[in-house]
Amino acid sequence: MNASIESSQLKKRPNALLSNLKLRWSLFTRKYANLTGVKRILVRLVMYLLIMGLAFVFIFPFIYMITTSLMSDADLNSTSVAWLPTEIKFENYAIALQIMNISRYIKNSAFVTVIASVGHVLACSFVGYGFARFNFPLKKFLFAMVILAFIVPTQTIITPLYLTYSNMQWLDTYLPLTVPAFLGFGLRGALYIFLFRQFFLTVPKSLEEAARIDGCGFLMTFWRIVFPLAKATVVVALVLSVVWHWNDAYETGIYISKPSMAFLPPRLKAIVSAANALPEDQQAMMRQLGLDDGEDILNDAVVMAGAVIISAPVLLFFAFAQRQFMQGIERSGITGE
Amino acid sequence: MEKKKEISQNKKPQGTAKPQNKEKTQEKASVQKVQASNGKKKFKLDLHTRNSLKGLVFVSPYILGVLMFFIYPIIFSLRLSVSTDIKIVGMHMSGFSLSQYIRGFVVDVEFLPTFGAAIKDTMVNFPLIIVLSLIIAVLLNRDIKFRGLFRVIFFIPFLLGSGEVMQQLLNQGVDRAVLNIMDGRLIPYNVLMYFGSTITDAVQTILGVLVTVLWGCGVQILLFLSGLQSISPALYEAAKIDGATEWEIFWKVTIPMISPMMLLNLVYTLVDSFTNKSSELLTYVNKVGLKEFQYGSALGWIYFAFIGLLVAIVFAIMQRHIHTSEVEEVKKRERKHRVFTIEKAPKRTFE
């Protein structure tokens, strides 16, 4: 032991100058570290400026989307109008609604989103609890599968999935989009299992023991005691799942080919292609929809109006769940350990 | 495999019926202390199996899912990618050759360039996303005014961003629009003029990349924020009392404590950047995959092998630095620096 210390000190000796410098540097920084008065205010100011600048960058797409959607054609083309439209034009929304045929598609989107995200929350909390509390054979293997399922992109296994679903006659139904969610798969299902497991690891066991002593079966214990405790995590998982399902166009586009069963977000492309069409075609289309009064033109403003309409349900949902959601994060609903 | 599942479900009613018996045996064991040794052993084993059965009940949906939607497709697609003959009707595959993989690397002129572009994009964006979202999360975690509002604002691009809407916004040049508003204010024109056009352009492109990257890191900010929230304030207080500066606290308390979240975030970002909707590689694989099943799944596997490799590297690097728990940390340190701990002690007292 002694010998090893000596040898290590010998090895270190050439670095003496360096370590001395390091020490001096740390003393120097410490001397100027405790900010007082003006300096402290300055630091705060810089911090606020930074965060406000970043917040501006983050909220910009949203503001841009809304202001542009209200612009008239003249406003769009003029260079002097950057922010506020000179006249507010709600007709853009009417045109966008007509072209997207919203009443037909919003039901489909809402149906699949609600079913699949509820499935995600129920199944992933259930499975996550199993992983957090119990020991069973193949546990490590199954948890490795969770992590693998998180890593393997859907694109790798899309072909066999497609073939399987077509053999099961599941194509052109909503089953391939909802059933996997109830089994802990689907759109990033592994992530939610992981989050729920992390949460349940932090819940003390004594509550469940108390419930057991009072004669509560283990499934009832989960449903009555443990699941309500995870409210914060449920909200986090629900928000993420709803947003991802609502915006997903990849799997939905592959499994669903019937136009009557299609979803809302891809409809934005209909407006874009209409806006990019030749003027004569545009005129014909407008006449077909009964919108032709000679003034309304399909332009970027209409596209943005469509974008606002498509993202409105998600934004509303988030506004509704926002308080719970942020609390969920603050109460360390998701912890990393 | 299906059978195993059935068995576990058959056992379920037994598991629920057992507790009464067990409580009886427990009472017996506590009364007859002398003869307990045999009975206790049996009881322990029973509890163990009962627990594992309960666990299996909880995990059973996942087992079913894993078989149906994961293991089966994975084996299927591996087999598909190396088979020479397929009949889609009966899902019959035969033969073995790696020609599809070779085709991806040698014959196909489109695949490798798009693959390379995807890798390049990821290499640029990946560190940027992690660093920027960490900075933002730290800022949002401080005691600032309107913190709740700011947190909502930083989440908005995620609500729009994971779908068609953001794509359209980018098509309309929203990233350029935000730069147009910023430039001239962030860096005065005179300064830019002084540097000449090449540097100005470079600054513009860098800012453009930064802006699009920032819009893509909503989830990462969220994960970091929740990691930061879970750090106990007592640690910060202790560090302050010991005279640590803010900078030191950040590196020696915050970073180690959020390292598990960092790992999750790294993996998530890596996977997400490759499966992003805007990635051209993905659209290419899709386009091919639904026409030629074999080639499509071979490309999918090349794609996955690469992501898997990167994730493995991240895991290998992070495993050494990850902070697990207090006890584990102390053990780890002792194992590593058995000699140096003695040597470093006097320095600390000197400081």
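Predicted model: local features only at pLDDT ≥ 70, side-chain atom pairs only at ≥ 80, totals over all residues.
Residues are numbered from 1 along each chain as its sequence is written, chains are lettered from A and ligands numbered from 1 in the order in which they are written, and side-chain values use heavy atoms, with hydrogens and water left out.

Trainee: How many residues of chain B are in contact with chain A?

Mentor: Contact means heavy atoms within 4.5 Å. On the chain A side, 108 residues take part. On the chain B side, the count is 105 residues.

Trainee: What area do chain B and chain A bury between them?

Mentor: Buried area is the accessible area (1.4 Å probe) that two parts lose on being put together, summed over both. Carbon and sulfur atoms carry 79% of it. Phe58(B), Tyr62(B) and Phe69(B) supply 9% of what chain B buries against chain A, more than any other three residues. The total for the two chains is about 10,100 Å².

Trainee: How many salt bridges are there between chain B and chain A?

Mentor: The rule asks for a side-chain nitrogen of Lys or Arg within 4 Å of a carboxyl oxygen of Asp or Glu. Over all chains the count is four. Between chain B and chain A it is two.

Trainee: Which residue forms a salt bridge with Arg44(A)?

Mentor: Arg44(A) lies in helix α3 (residues 38-69) of chain A, and its partner sits in the loop between α5 (111-141) and α6 (147-153) of chain B, so the pair joins two chains. Helices are DSSP runs (H or I, at least four residues), numbered from the N terminus. The closest N and O atoms are 3.4 Å apart. The partner is Asp143(B).

Trainee: Is Asp272(B) buried or exposed?

Mentor: Asp272(B) forms a salt bridge with Arg188(A), with 2.8 Å between the closest N and O atoms. Asp272(B) lies in helix α15 (residues 259-274) of chain B and Arg188(A) in a loop of chain A, so the pair joins two chains. Buried means under 20% relative accessible area, exposed over 50%, partly exposed in between (1.4 Å probe, protein chains only). At 18%, Asp272(B) is buried.

Trainee: Which residue meets Glu208(A) in a salt bridge?

Mentor: Glu208(A) lies in helix α11 and its partner in helix α6, both of chain A, so the pair ties together parts that are 75 residues apart in sequence. Glu208(A) is buried, at 11% relative accessible area. The N to O distance is 2.9 Å, and the partner is Arg133(A).
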